[in-house]
Amino acid sequence: MPGLGKSLIIVGLLIALVGVLLTIAGKIPWIGRLPGDIFIKRENFTFYFPLATSIIISVILSLILWLFRK
C-alpha cells in the first residue's frame with residue numbers, strides 16, 4: 001500500500017497546483033491571448049479556441065510529469 005499512498009499524495013499536490021494556477025491565471029494578462037489562439041467574432045457568434053495556450057500548458061505539464069518520473 002505504500003505505492004498507493006505516494007500516488008494519492010502526488011495527485012493531491014497536482015490538484016492543489018492546478019487550483020493555485022487557476023487562481024492566479026486571471027492576473028497574468030497574456031495567458032489565453034497568445035498569437036496562435038483562434039478568436040472569431042461575428043454579429044451573433046463568438047468562437048474562441050486557445051490553441052497556442054493549450055500547447056504551452058501541455059508542454060509544461062509534460063516536462064513536470066517527466067521530472068517526477070525520474
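Student: Which element supplies the largest share of the nonpolar patch?

Tutor: Helix α2 does, with six residues. Keep in mind that this is a predicted model, where local features need pLDDT of at least 70, side-chain atom pairs count only at pLDDT 80 or more, and totals for chains, interfaces and linings use all residues. Residues are numbered from 1 along each chain as its sequence is written, and side-chain values use heavy atoms, with hydrogens and water left out.

Student: Okay, which residues make the patch?

Tutor: I38, I40, F45, F47, F49, L51, I55, V59, L63, W66 and L67 make a nonpolar surface of about 1,000 Å² (Shrake-Rupley, 1.4 Å probe). To join, nonpolar side chains must lie within 5 Å, on residues with over 30% relative accessible area and no salt bridge (Lys or Arg nitrogen within 4 Å of an Asp or Glu carboxyl oxygen). At least two patch residues come from each of β1 (38–41), β2 and α2 (51–69).

Student: Is L67 buried or exposed?

Tutor: L67, which sits in helix α2, is exposed because its relative accessible area is 56% (buried is under 20%, exposed over 50%, partly exposed in between). Over in helix α1, G3 is partly exposed at 44%.

Student: How do β1 and β2 run, and how many bridges join them?

Tutor: They run antiparallel, with four bridges between them; DSSP pairing takes at least two. A hairpin of four residues connects β1 to β2. K41 has T46 of β2 as its bridge partner, while F39 stands opposite Y48 in β2.

Student: How should I describe aromatic rings?

Tutor: Use the distance of the centres and the angle of the planes. Centres within 6.5 Å make a pair: under 30 degrees is stacked, over 60 edge-to-face, the rest tilted. That rule gives one aromatic pair here. The F39 and Y48 ring centres are 6.1 Å apart and the planes meet at 65°, so this one is edge-to-face. Y48 is partly exposed, at 36% relative accessibility.

Definitions and conventions:
Phe/Tyr/Trp six-rings, centres within 6.5 Å; stacked < 30°, edge-to-face > 60°. Buried < 20%, exposed > 50% of the residue type's maximum accessible area, 1.4 Å probe, protein only. Patch = residues over 30% accessible without salt bridge, like charges linked within 9 Å, V, L, I, M, F, W, Y side chains within 5 Å. Salt bridge = Lys/Arg side-chain N within 4 Å of Asp/Glu carboxyl O.
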